[in-house]
Amino acid sequence: MALPSLRPIVAALLLAACDSSEPAAPRDAGNDLADSPPTPDVTPDAADVTDVTDVSDVAVRRLPAIEGIAELPDMNPDPRIVEVSLTSAPAVAHWREGVDTDVLAYNGITPGPMIHARVGDRVIVHFRNEMEDDTTVHWHGLRISDLMDGSPALQEPVRPGGEFTYDFVVPDAATFWYHSHIGTAEQIERGLYGALVVHEAEPPVVDRERIYVLDDVKLASSGQIAPALASGPDIGRGRYGNVLLTNGQTTPVTATAARNAVERWRIVSAANARSLRVRVDGAMWKVVGTDGGLLPTPYEASEIVVGPGQRYDLEVRMEDGSASAATLVTTVLTSLADGGLADRDYTLASVTLDGEVAPRPAWVAPSVTLPNAAPEMAQALNWALSGRVVDGGVEFTINGVAGLGHGSHTAAHDYIERVPQGRPVRITLRSDVSPEHPFHLHGQFFQIVAPQSRARLEPGLKDVVLVRGAEPVTILSYFENPGRWMVHCHISEHAERGMMSEIMVLPPSP
Ligand code: C2O
Ligand code: CU
C-alpha cells in the first residue's frame with residue numbers, strides 16, 4: 001500500500017504551529033485563586049511531638065518546608081512511611097471574574113496537594129476516584145514498579161467510585177509530579193496534576209525552598225475550559241492555553257525574602273504542549289537540578305526552556321543590590337494588535353525583598369555522579385516520530401505505528417522495543433511532524449548525548465527530552481528499571497492521537 005505523502009501534513013502541522021490566534025491573555029485579565037487555601041504548616045513543631053517516643057528521630061526526619069503548595073498530611077507515624085489519601089473529583093476554580101470554571105481536582109485543588117518524602121521512604125497513596133470518568137494516577141519520573149506506575153496499559157482503570165492503593169518506595173531524590181494517565185488531553189488540562197517532591201537524605205541547606213507548578217490553560221469566552229482535541233491547531237501543535245497558571249493562580253504568586261537569602265526554587269511544567277521559556281530577574285540564579293535530581297555541576301543560564309513534564313531546580317540568591325524583588329518570568333511569543341508577533345514577558349511569581357540576612361556561603365553542591373555518558377558498547381536504536389492523515393483527522397506515530405491513546409487503554413499493540421536491563425542503549429529520536437515533541441520515558445532516566453550543544457545545554461538525568469524540528473537528538477539510558485514502560489510524547493494531544501507506545505525492559509534471565 002502506498003503511504004500518502006507526508007508533505008501536505010507537515011505543511012498543515014507547521015501552519016497549525018504558527019497559528020497565533022490564541023495569545024496568552026494579559027495576566028491582569030484573569031482572576032486569581034487568591035481565595036485558595038494558604039499553605040498549612042503540616043510539619044509538626046518539635047513541641048507538638050510529645051506522643052512520639054523518639055523525639056530525636058522525628059527531628060532528624062523532618063523535611064525542609066517547601067512554600068507554594070499545600071502539603072498532603074502524612075497520616076502514618078512511622079518516619080519512613082508517608083501515607084496519604086488522594087481523591088479526584090470535580091471542583092471549581094476562579095480564574096475569570098464572576099465565573100466558576102469547572103475543573104477536575106485532587107483533594108479539591110489544582111494543582112493537587114504536594115506529596116513530600118525523603119529518598120528511600122515508602123509512600124502509600126489511598127486513591128479514590130469520585131469523577132464520572134475512569135482514571136489512573138501516574139507518578140511522573142519515579143523509578144518504581146511498573147505495577148504502581150498508573151500506566152493504563154497495565155493497570156485496570158480506577159472506575160467512578162473506585163479506589164486503588166499505590167504503594168512504592170521512592171528511589172531517587174528530585175522534583176517529580178503526578179497526574180492522570182487516562183484521557184490526559186482532557187484530564188490534565190482540566191487540573192488533574194500535582195507535585196511530588198523527594199528530598200535528598202542530606203538536603204543542601206538553604207534559607208527557603210519554593211515550588212512553582214506552571215501550566216497554561218485554554219479558556220473559552222464563557223470562562224470554561226475549552227473542549228479537548230477540538231481544533232486543528234490544538235491537535236497539530238498540541239494545545240496552547242490562553243491563561244498562564246502558577247500554582248493554580250492566574251496572578252503572580254507572591255512572597256517575601258530577606259536580601260542575601262539563598263533559596264531553592266523547584267519548577268514543574270504541567271502544560272499540555274507549550275514549552276515555557278523561564279528566567280529569574282532581580283537575583284543571581286543557577287540551575288542546580290533537573291528531572292532526575294541534582295546536577296554534578298550547577299550552571300548559569302540566561303533562560304531555561306521547560307518542556308511539558310520537565311522539572312528544573314534553581315538556586316536563587318537574593319543578591320542583586322538594586323532589585324526590590326526576585327521575579328520568575330516567562331517569555332511568550334504573543335500576537336500584537338497589528339497582526340505581528342512579539343516576545344512578551346509575564347511575571348509568574350514575585351518574591352519581594354524585605355530585610356537582610358548575613359550573606360551565607362552559596363549553594364554547596366553535593367557530589368553527584370552520573371553514569372558514564374560515552375559507553376563504548378551502547379546498542380543504537382532509532383525512533384521516528386511522525387504522523388499522517390487518516391479518516392477522522394491526524395494520527396501520530398512512533399516508528400510508523402499509532403499506538404495507545406485514542407482513549408483505548410488496552411488496545412492490542414506490540415512493544416516498540418525490548419531492551420535488556422542495565423545495558424546502555426542510545427536512542428536517536430527524529431521528528432518529521434510538528435515543531436516539537438517533549439518525549440518521555442516512564443520509569444527510567446537518560447542523558448542527552450548528542451548533538452553536543454544539546455548535551456552541554458541540558459546536562460543531567462532527564463525523563464523528558466524536547467525533540468525539536470528536524471534536528472535529531474540522541475539520548476542514552478541504562479534502562480535500570482525492569483518492566484513494561486510507556487514511552488510517549490508529553491504533548492497530551494499527540495499521545496492521545498497515537499504517539500504513545502511501550503517498551504519492555506527485560507531483567508537478566510536467571
Ligand atoms: Cu507525565 Cu506518561 O507521563
Ligand atoms: Cu508530540
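This note sets out numbered points on a predicted model, beginning with a metal site and ending with the backbone.

1. Copper site. Three residues coordinate the copper ion (ligand 2): His437 and His494, each through ND1, and Cys489 through SG, at 2.0 to 2.1 Å. Along the sequence, the donor residues follow the spacing H-x51-C-x4-H. The two histidines link distant parts of the chain, since histidine 437 belongs to strand β25 (residues 436–441) and histidine 494 to helix α6 (residues 492–496), 57 residues apart. Both histidine 437 and histidine 494 are buried.

2. Second largest cavity. Three cavities of 30 Å³ or more are found in a search of the whole structure.

3. Which elements give two or more residues to the lining of the second largest cavity? They are β29 (483–489) and α6. Helix α6 gives the most, with three residues. By class, the lining of the second largest cavity holds five nonpolar, six polar and one charged residues.

4. Four-stranded sheet. An open sheet of four strands runs in the order β3-β2-β5-β7, and its pairing is mixed. Strands β3 (99–106) and β7 (163–169) stand at the edges with a single partner strand each, so one side of each has no neighbour in the sheet. From one strand to the next, the twist averages 25°. Within this sheet, β2 (residues 81–96) and β5 (residues 122–129) pair in the parallel sense over eight bridges. Leucine 86 stands opposite phenylalanine 127 in β5.

5. Strand β28 and its burial. Are the residues of β28 (residues 473–477) buried or exposed? The strand is mostly covered, with five of its five residues buried. Val473, Ile475 and Ser477 point one way from β28, while Thr474 and Leu476 point the other way, and all are buried.

6. Partners of strand β28. Strand β24 (residues 425–431) pairs with β28 in the antiparallel sense over five bridges. Strand β26 (residues 447–450) also runs antiparallel to β28 and is joined to it by three bridges. Leucine 476 in β28 is the bridge partner of arginine 426, and glutamine 447 stands opposite leucine 476 as well.

7. Cis peptide bonds. Most residues other than glycine have a negative phi, and most peptide bonds are trans. A cis bond joins threonine 110 and proline 111, with omega about -5°. Proline 111 lies in the loop between β3 and β4 (112–118). A cis bond also joins alanine 450 and proline 451, where omega is about -5°. Proline 451 is in the loop between β26 and α5 (452–457).

8. Positive phi at asparagine. Asparagine 107 has a positive phi of about 50° although it is not a glycine, and asparagine 107 is found in the loop between β3 and β4. Asparagine 247 likewise has a positive phi of about 50°, in the loop between β11 (243–246) and β12 (253–259).

Technical notes: Residues are numbered from 1 along each chain as its sequence is written. Chains are lettered from A and ligands numbered from 1 in the order in which they are written. This is a predicted model: local features need pLDDT of at least 70, side-chain atom pairs count only at pLDDT 80 or more; totals for chains, interfaces and linings use all residues. Side-chain values use heavy atoms; hydrogens and water are left out. Donors are N, O and S atoms within 2.8 Å of the metal (3.2 Å for Na, K and Ca); water is not among the atoms, so sites may look incomplete. Buried means under 20% relative accessible area, exposed over 50%, partly exposed in between (1.4 Å probe, protein chains only). Two strands pair if DSSP finds at least two bridges between them. Axes are lines fitted to C-alpha atoms, for helices over the stretch in contact, and angles run from 0 to 180 degrees between N-to-C directions. On a 1 Å grid over the protein atoms alone, a cavity is a set of points where a 1.4 Å probe fits but cannot get out, and a pocket is an open set with protein on both sides within 12 Å along at least five of seven lines; lining residues have an atom within 4 Å of a point. Grid points are joined across faces, edges and corners, and a volume is the space filled by probe spheres set on the points. Ala, Val, Leu, Ile, Met, Phe, Trp, Tyr, Cys and Pro count as nonpolar, Asp, Glu, Lys and Arg as charged, and the others, Gly among them, as polar.
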